[in-house]
Amino acid sequence: MKKTILITGGAGFIGSHVVRLFVNKYPDYQIINLDALTYAGNLENLSDVDKAPNYTFVKADIRDADAMDEVFSKYGITGVCHLAAESHVDRSIAEPMAFITTNIVGTVNLLNAARKYWNGDFEGKRFYHISTDEVYGSLGAEGFFYETTPYDPKSPYSSSKASSDHLVRAYCHTYGLPVVITNCSNNYGPNQFPEKLIPLAINNIKNMKPIPVYGKGENIRDWLYVVDHARAIDLVYHEGKTGETYNIGGHNELKNLDLIHILCEIMDQKLGRTPGTSASLITFVKDRAGHDLRYAIDATKIQKELGWTPSLQFKEGFEKTVDWYLDHEEWMNRITSGKYQAYYEQQYERR
Ligand code: NAD
Ligand code: TYD
């Protein structure tokens, strides 16, 4: 059977890496990238693959149920990698409703479209939902998130993702839809929108602007290079067991403040600045409301069952990431002009 894979959110950060990998690695598949091009979607992220004969872009909103039905029948979708989402915790605190409509209702629209179009014939079909480790809540100093850890989401973002995960599992249990879910830790790398910590810090350091660190900078995240996440998604799409969940993580836990210091050192070196220049920009600001203390993934299951391990550790990954942002000044300038300024002011000027 010919494979036609719908990748939602393919113009975003992680989605663009997944689209690139699938378009290049599987010339026999048709890859349909469906994206609404919100502030976070940027087709420039795909300029190296958008002329490929096996690639099609569709501008559509997953909140539009009719449009989802139409895409399934028009293109003959045989599989889905669902990444489209509102993805930023701070925005979910400021305006939760978009997270409910896109992350929950949008996911259900896709589940319904798949169910209708496949109509009980699930042979060779797959609905892969990409989720986050934030659904498990917040850890103390010890312990890890396992696939069996009870859900305990704390932010509107993580609650909306948790809700969509439950609905995906319910469609598997109730209707037999062949689903698979992964929950991944924090990603970093090229093409990430500079509302997230790492690209925001790199951009501010480059421009000698304050680096806003929430609270005391003691919160801990487990960082994974985005290309390693895309490799894991490829593996799970093809070899993950239907109905299963796999956690994906980088084994790279860092306190925010330590991470920022590492970035500052790399930036001083790359920009030929006197050591300590970039670190002088560190500015402690008002903490995020309900800020989760620590995320840490136990990725033993995907390692043992599917043979996936991260290829990059943070030192090498951060170097590559800084190089990419310094080499793509135009990309950053285009993104940070216009609406970004208003967002930045609202988010940071009052902290
Ligand atoms: P992103 O914000 O960079 O990209 C999201 C993409 O979805 C954008 O291209 C946007 O235009 C599109 N989109 C948003 N609303 C849409 C709608 N209603 N209809 C169609 N398209 C819409 O996000 P990301 O960081 O690439 O995350 C992708 C997925 O991975 C999300 O589901 C997120 O929850 C999950 N995830 C992200 C991380 C991370 O560290 N970034 C970690 C684990 C899981
Ligand atoms: P972020 O990149 O928003 O990812 P998430 O909240 O999904 O983990 O934030 C990563 C960490 O960095 C998180 O603990 C919040 C913190 N942070 C700051 O200290 N300052 C900032 O300006 C941002 C955006 C995040």
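Modeller: A polar contact here is a pair of N or O atoms within 3.5 Å; within protein, one must be able to donate a hydrogen and the other to accept it, and residues adjacent in sequence count only if both atoms are side-chain atoms. This is a predicted model, in which local features need pLDDT of at least 70 and side-chain atom pairs count only at pLDDT 80 or more, while totals for chains, interfaces and linings use all residues. Residues are numbered from 1 along each chain as its sequence is written, chains are lettered from A and ligands numbered from 1 in the order in which they are written, and side-chain values use heavy atoms, with hydrogens and water left out.

Start with the polar contacts. E134 places a polar side-chain atom 2.6 Å from an oxygen atom of ligand 2. N256 also uses a polar side-chain atom, which lies 2.9 Å from an oxygen atom of ligand 2.

The shell around ligand 2 has 17 residues, the closest being E134, R221, R288, H291 and Y348; a residue counts as near when one of its heavy atoms lies within 4 Å of the molecule. Seven of the shell residues are nonpolar, five polar and five charged. In this sorting Ala, Val, Leu, Ile, Met, Phe, Trp, Tyr, Cys and Pro are nonpolar, Asp, Glu, Lys and Arg are charged, and the others, Gly among them, are polar. Strand β8, residues 211-214, supplies three residues, the most from any element. Helices (H or I, at least four residues) and strands (E, at least two) are DSSP runs numbered from the N terminus.

Now go back along the chain from β8. M208 lies in the loop between α6 and β8. Phi of M208 is positive, near 55°, although the residue is not glycine. Most residues other than glycine have a negative phi. M208 has 41% relative accessibility, so it counts as partly exposed (buried is under 20% relative accessible area, exposed over 50%, partly exposed in between, with a 1.4 Å probe and protein chains only). Helix α6, residues 197-206, is mostly covered, with eight of its ten residues buried. The buried ones include I198, L200, I202 and I205.

S278, in the loop between α8 (256-270) and β12 (282-285), touches I205, I211, C264, M267, D268 and R273, not counting residues up to four places away in sequence; contact means heavy atoms within 4.5 Å. S278 has a relative accessible area of 0%, so it is buried. C264 belongs to helix α8 and is buried too, at 1% relative accessibility. With sequence neighbours within four places left aside, C264 is in contact with I205, I211, S278 and A279. Between C264 and S280 there are 9.1 Å from C-alpha to C-alpha, at a separation of 16 residues in sequence.

A nonpolar core is a set of buried Ala, Val, Leu, Ile, Met, Phe, Trp, Tyr and Cys residues joined through side-chain atoms within 4.5 Å. The largest has 42 residues, and I7, F22, C81, Y128 and I302 have the most contacts inside it. Helix α7 gives seven residues to this core, the most of any element. A second, separate core has 36 residues, including Y214, I260, Y343 and Y348.
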